[in-house]
Amino acid sequence: MVFEPARRRGLSATAVLAAALVSTSLAGAASPENRAAAQKHASQAQELKKQGQLAEACKHWAEVERLDSKLPTLLELADCNEQLGKLVEAQAQWALARDRAKHDEKPQSRARAESRLAAVEKRVAHLTLQLAPNAPAAVQVLRDDVPLEAASLSSA
């Protein structure tokens, strides 16, 4: 049995994390044009957030992060996604923000990210699968089309 929404969330979180890791490696490498465009998107995101248009604000924060990746932007993006209920994305972003804050030696930002990450992790749904004792030995459980080992079952 395949749980499509969970599968899409898993792929989405993986994509968010991969994009964040790429943007981290490029941090500080933004061109003047990208920095200027990022500044415009940040202004738009702030205005949209004030107007309560979080979905649109998140799109702009994501673009700022893509154009000119910085810790404050990542914190805004994580907060925005958390408020929208996109918990898997927010979880990945808070974890990345925590790690980036540690690397950048920003203890207040790190503490904020750790606190928010812990809160989000409590809200993220977990699924535990356990095969029936009389299940045939040939039964296979797949996650994103990858077979899970027996040791992976019975844990969240």
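Mentor: Just after H4, Gly-85 takes a positive phi of about 85°; helices here are DSSP runs of H or I with at least four residues, and strands are E runs of at least two, numbered from the N terminus. This is a predicted model, in which local features need pLDDT of at least 70 and side-chain atom pairs pLDDT 80 or more, while totals for chains, interfaces and linings use all residues. Residues are numbered from 1 along each chain as its sequence is written, and side-chain values use heavy atoms, without hydrogens and water.

Trainee: What span should helix H4 have?

Mentor: The expected span is 1.5 Å times one less than the number of residues. For the 14 residues of H4 (residues 71-84) that gives 20 Å, and its end C-alpha atoms are 20 Å apart, which agrees.

Trainee: Is H4 mostly covered or uncovered?

Mentor: Buried means under 20% relative accessible area, exposed over 50%, and partly exposed in between, with a 1.4 Å probe and protein chains only. In H4, 10 of the 14 residues are buried, among them Leu-71, Leu-74, Asp-79 and Cys-80. Their cover, counted by contact (heavy atoms within 4.5 Å), includes helix H2 (32-50), helix H3 (54-67), helix H5 (87-103) and H6.

Trainee: Where does Ala-37 lie, and why does it count as partly exposed?

Mentor: Ala-37 lies in helix H2, and it is classed as partly exposed because its relative accessible area is 27%. The C-alpha atoms of Ala-37 and Leu-67 are separated by 7.4 Å, although these residues are 30 residues apart along the chain.
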